[in-house]
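Please look over the sequence and the 3D structure below before reading on. The paragraphs that follow lead from definitions to the whole chain and then to one part of it.

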Amino acid sequence: MPPSALHARLNALLHPAFVSALLLLIVNDHLLKATFHNAITGKVSDFAGVFALAYFLAILVGRWPTLLHLIVALAFTWWKSPASQPFIDTWNTAPWFDIARVVDPTDLLALIVLPGSLAILRRARSAGTVARRAWLRWTVALIALLAFTATSRVSRRDVDLTYLSPVSADALVATVLARNGDADASDGGLMLVFEVEGCGQAWARFDVQAAGDLTQLRLRGVESRQCDVEAVAWEQLFNSLRPALSLIHARLLTPHPLTGAMPHPPYPDA
């Protein structure tokens, strides 16, 4: 494909619908999530990201737009399912950046934007090419690549601490949500969302197992897309996590020699 044909296709990246979706993705990931960190902001990234990614790939390839939109739909479904976890685990053993996602079937609602992406793409291409400054279309393309990557990139800090909670395993998420916290059941465990003071939103990942009348929560790591958790002092990190743990009355079982974290007394009833 001659370079001029690619340049002509890249003009479609300046369509208001694509630019709006891209800006929404960036603003939501880097501002709205940190400010509100609720279910709505999580869904906004899915809707804007799916629309923009399918549109972008179809522009780059220059053919088979319907097939590419179908591939995006299948890839997104796989990404949002437990089937993608082995890939994520393998990727995160490499020296480059870590990635993460939350398994939530309701995220698949974002696929409803794909027919709109395909229709707008066809109209944009059939409207003919308009002369554009090369730097502008290539700048938008570069920003899009960075935005798609940043959506799944995370800062991660591994840890191994064990907590005990009197809340049953199947009631953990409901208990947190009922007390105005944020949590999700993820990959057979628990994801507990919390704010790192002065840094941003993060989430702690726990393996969950029944322990008699109690529930054992084994903290395996802390991750964030907004905060460099590797640079945060252990004391600050665990003090930030403690209010979220108090929602399920969890207490640290044993001290941890690397973090200096000490067993918490039982949290009082909220």
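A residue is called buried when its relative accessible area is under 20%, exposed when that area is over 50%, and partly exposed in between, with a 1.4 Å probe and protein chains only. Helices (H or I, at least four residues) and strands (E, at least two) are DSSP runs, numbered from the N terminus. The model is a predicted one, in which local features need pLDDT of at least 70 and side-chain atom pairs count only at pLDDT 80 or more, whereas totals for chains, interfaces and linings use all residues. Residues are numbered from 1 along each chain as its sequence is written, and side-chain values use heavy atoms, with hydrogens and water left out.

The protein chain contains nine helices and seven strands, and 45% of its 270 residues count as buried. Its mean pLDDT, the predictor's confidence in each residue from 0 to 100, is 82, with 85% of the residues reaching 70 or more. Over residues 260-270 the pLDDT is below 50, although this stretch has 25 contacts (heavy atoms within 4.5 Å) in the model beyond near neighbours in sequence. Where pLDDT is low, the predicted coordinates should not be read in detail.
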